[in-house]
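Here is a short report on one protein chain. Please keep the sequence and the structure in view while reading.

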Amino acid sequence: MGQGRGWEGAVLRLLRAKDFVFTVTDAEDVTPHYRRLRLDDGGMLAATGVHPTMWVRLWFDNAGRPHQRAYTLVDPDPAAGTLGLEFALHQGCASDWARTARPGDTIEATVQGTGFEHPDPAPSHVFAVGDPASLPAVNSLLGALGSAPATVWFEGALDGLPCHADPARHEVREVPRRDAGAHLAERVRAELPGLLGNTPDPYVWIACDAATTRTLSAYVRRELGVPRHRMHALGYWRAA
Ligand SMILES: Cc1cc2nc3c(=O)[nH]c(=O)nc-3n(C[C@H](O)[C@H](O)[C@H](O)COP(=O)(O)OP(=O)(O)OC[C@H]3O[C@@H](n4cnc5c(N)ncnc54)[C@H](O)[C@@H]3O)c2cc1C
């Protein structure tokens, strides 16, 4: 395993990445644009353990060349050796693979770069910014942060998507994707400062397209003065 992947594979091997083969056991179209797979983990979870928002690098085939993309684990079960993956479908190799994936299909996975630090002290309020690609991670985050209330700005329509927010304590604000994410950034700039003012121990988590994530992360850190250890920001995809 790990042969012939060019420099990306070589670098990951030097970083002591671990390779596993997942096997699809079940596939379900949740909506026409969102597909869920269940997979056997090839022994991964027993070897790596599990943490909130955990993700893996999956190796897709792009006309014979390796194409690596990150996906979040859904309901990983180390005892059973199973996990789910949820794909927000669009144009692209990873999406194309997911569209036709069926029981028996396999995909290689590398574990490198994923991690999670529980904010300490526990957040009195969570502020999350996400979209369909980061919905599995938002679900995992909200599950991991226990009883904290949350405000989630979700770029796109939740319609039919598996959002695990608990309406009793999580408020999800849907924001249409407009102007390459600029509309989302405007909404967060307009609404976050007032909410932050009443929050003693905030935790801010941002995962949308790379440029919008950068903009919002800089805004939250520099203009709102949220310390680095009270926030996490990672671009989940690159807009063309
Ligand atoms: C830590 C991490 C975890 C992630 N977890 C998930 C996950 O659980 N589920 C999931 O669906 N995605 C997830 N993503 C995002 C996923 O890795 C990217 O969307 C990836 O680019 C998809 O690869 P692709 O081969 O399908 O398309 P690419 O070849 O990367 O891109 C092809 C075209 O599609 C566009 N595009 C790419 N992604 C999106 C998108 N999300 N929405 C709209 N247009 C897009 C690009 O701009 C480009 O024009 C995660 C990303 C990170 C960094």
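## Leu58 and the cores

Which residues does Leu58 touch, not counting residues up to four places away in sequence? In this predicted model, the list runs Phe22, His67, Gln68, Arg69, Tyr71, Leu85, Phe87, Ile107, Glu108 and Ala109.

Leu58 belongs to the largest nonpolar core, a set of 24 residues. Together with Phe22, Met44, Phe87 and Trp97, Leu58 touches the most other members. Seven elements each supply at least two residues of this core: strands S1 (18-31), S2 (34-40), S3 (55-62), S6 (82-88) and S7 (106-111), and helices H2 (44-48) and H3 (93-100). A second core is separate and holds 17 residues. Val175, Val188, Ile206 and Tyr219 are among them.

Arg57 sits in strand S3. Is Arg57 buried or exposed? Arg57 is buried, because its relative accessible area is 17%, under the 20% cut-off. A polar atom of the Arg57 side chain lies 2.8 Å from the backbone oxygen of Gln112.

Asp75 is in strand S5 (residues 74-77). Its relative accessible area is 53%, over the 50% cut-off, so Asp75 counts as exposed. Leaving aside neighbours within four places in sequence, Asp75 is in contact with Arg38, Thr82 and Leu83. Trp237 is 162 residues from Asp75 along the chain, and their C-alpha atoms are separated by 22 Å.

## Helix H4

Helix H4 covers residues 135-144. It is mostly covered, with 7 of its 10 residues buried. The buried residues are Leu135, Pro136, Ala137, Val138, Asn139, Leu141 and Leu142. Just after H4, Gly146 takes a positive phi of about 55°.

The domain assignment gives domain 1 (6-111) and domain 2 (125-233). Their C-alpha centres lie 25 Å apart. The contact takes 10 residues from domain 1 and 13 residues from domain 2.

How much area do domain 1 and domain 2 bury between them? The value is about 860 Å², 71% of it on carbon and sulfur atoms. On the domain 1 side, Tyr34, Thr53 and Thr72 lose the most area to domain 2. Together these three account for 47% of what that side buries.

Polar links across the interface come next. The count is 1 residue pair in polar contact, both at pLDDT 80 or more. The rule finds 0 salt bridges between domain 1 and domain 2. S1, S2 and S6 each supply at least two residues of the domain 1 side that touches domain 2.

Notes
Residues numbered from 1 in each chain as written. Predicted model: local features only at pLDDT ≥ 70, side-chain atom pairs only at ≥ 80, totals over all residues. Heavy atoms only, no water. Core = buried A, V, L, I, M, F, W, Y, C linked by side-chain atoms within 4.5 Å. Buried < 20%, exposed > 50% of the residue type's maximum accessible area, 1.4 Å probe, protein only. Helix = DSSP H or I, 4+ residues; strand = E, 2+ residues; numbered from the N terminus. Contact = heavy atoms within 4.5 Å. Polar contact = N/O pair within 3.5 Å; in protein donor to acceptor, adjacent residues only side chain to side chain. Domains from an automatic or database assignment. Buried area = accessible area lost by both parts, 1.4 Å probe. Salt bridge = Lys/Arg side-chain N within 4 Å of Asp/Glu carboxyl O.
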